[in-house]
Amino acid sequence: MILFHISGEHPLLPVEEIKAIYEAYGKGFQIIANSEHMVVSKSDLPSGVLSRLALTRAFYPVNRIASIKNLIKDIPSYLQGSSSFSVRCSGFESDREMERLLGNSVKRATGIDVDLKSPEKTIYLFKLGRQLFFSLRKSSPPPLSPRDPNKRPFFHPLSLSPKLSRLFLNLARTREGSRILDPFCGSGSILIEAALMGLEAYGLDMDMEMVWGAIRNLSYYGLSARVSTGDATNLEEDGFCEMDAIVTDPPYARSSKTYHWSLPKLYAGFLASAYSCLREGGYLVFAVPDNPDITSTIGASIVRPISPFEMRSSFSQYVHRSLTRRIYILRKPN
Ligand SMILES: C[S@@+](CC[C@H](N)C(=O)[O-])C[C@H]1O[C@@H](n2cnc3c(N)ncnc32)[C@H](O)[C@@H]1O
């Protein structure tokens, strides 16, 4: 059983990302308890895999407990050999008061000292509805900020953040060794995260300067991916076939180049081309501006005989006053 402390930055995407990772690793995802920022899944995944998550702040292997009394009864065996402990509670009417009460009871039961600054063991106690969960181990995905666009040698103002790049890759059900393509790779944000996640990454961009920039950014982090110039509406020409996933952030025609294409034409051409170079069961994850002209183009393109994707889901995400994105998760049927 794993308890996820999820980010509050979107109401649905954090859980969708966790579900996608379970699916990628062939595990069922069953929620047995949840609250505003917590979700408990019945089955486990290795912490190395869960560290890929972009919208999870921390995760804990947990046990369900019948009562706090039972926890206090069992706690001496959990703390055996430790010289100090602390308690962290979440979901109670007053978490601080609960920490104080439980800390005192455990100290009385074990004789071990409370140390709030650097305890040898920390007891985590969560209340979700009427259920209580307890853990002795907290893990957090490593910070993504060292790869923020402004910290890379080649900067492009429209670069996707490492967080969204990772989110898109996870939503595409990728795992180590998956062959992924970003056909509008720009400065290489998605390729960098993909390479760090152990994926076989390929990138294309029409703009030679972007291709050089992406290669420079990748090598700055000691990473590599195959990046070249090419047209996202003509991927077959570049020899792409049987890709496991296509994960990308196409131009929104704000300050990004679309060359001779109107946005609807560019998106329709890209969807048709992406369909033909994905393997069956492969995923396409991308985002576009969330406005009716664009979303109706996407809707019409994926029912055409030429690119009959299965729509797994789509999410609206507010970016700022003049941009709301729609993130699409499409699958090529078997
Ligand atoms: C929004 S930017 C991608 C930003 C990228 N995700 C990043 O983090 O830097 C879109 C990119 O698509 C490229 N582009 C536009 N039309 C294209 C096409 N038909 N084929 C390939 N690349 C294209 C542009 O040159 C631009 O670099």
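How many residues line the second largest pocket, and which lie nearest its centre? The lining has 13 residues, with A54, T56, R57, P141 and K163 nearest the centre. This is a predicted model, in which local features need pLDDT of at least 70, side-chain atom pairs count only at pLDDT 80 or more, and totals for chains, interfaces and linings use all residues. Residues are numbered from 1 along each chain as its sequence is written, and side-chain values use heavy atoms, with hydrogens and water left out.

**Pocket**
- The second largest pocket holds about 190 Å³ of space.
- Its lining divides into 7 nonpolar, 3 polar and 3 charged residues (Ala, Val, Leu, Ile, Met, Phe, Trp, Tyr, Cys and Pro count as nonpolar, Asp, Glu, Lys and Arg as charged, the others, Gly among them, as polar).
- A pocket is an open set of points on a 1 Å grid over the protein atoms alone, where a 1.4 Å probe fits, with protein on both sides within 12 Å along at least five of seven lines; lining residues have an atom within 4 Å of a point.
- Points are joined across faces, edges and corners, and the volume is the space filled by probe spheres set on them.

**Helix pair α5 and α6**
- Helix α5 spans residues 162–171 and helix α6 residues 189–196 (DSSP runs of H or I, at least four residues; strands are runs of E, at least two; both are numbered from the N terminus).
- Their axes come within 9 Å and cross at roughly 65 degrees (lines fitted to C-alpha atoms, for helices over the stretch in contact; angles run from 0 to 180 degrees between N-to-C directions).
- The crossing of α5 with α6 is right-handed (the near helix is turned clockwise from the far one by less than a right angle).
- P162, S165, R166 and L169 of α5 meet S189, I190, E193, A194 and L196 of α6 (heavy atoms within 4.5 Å).
- This contact divides into 5 nonpolar, 2 polar and 2 charged residues.

**Seven-stranded sheet**
- An open, mixed sheet of 7 strands runs β12-β11-β10-β13-β14-β16-β15 (strands pair if DSSP finds at least two bridges between them).
- β12 (226–229) and β15 (310–320) are the edges; each has a single partner strand, so one side of each lacks a neighbour in the sheet.
- Neighbouring strands are turned by 15 degrees on average, direction ignored.
- β11 (residues 200–205) pairs with β12 in the parallel sense over 4 bridges, and Y202 stands opposite R226 in β12.
- Helix α9 (residues 292–301) lies across β14 (278–289) and β16 (323–331), at about 170 degrees to β14.

**Hairpin**
- β2 (residues 31–34) and β3 (residues 38–41) pair in the antiparallel sense over 3 bridges.
- A hairpin of 3 residues joins β2 to β3, and I31 has S41 in β3 as bridge partner.
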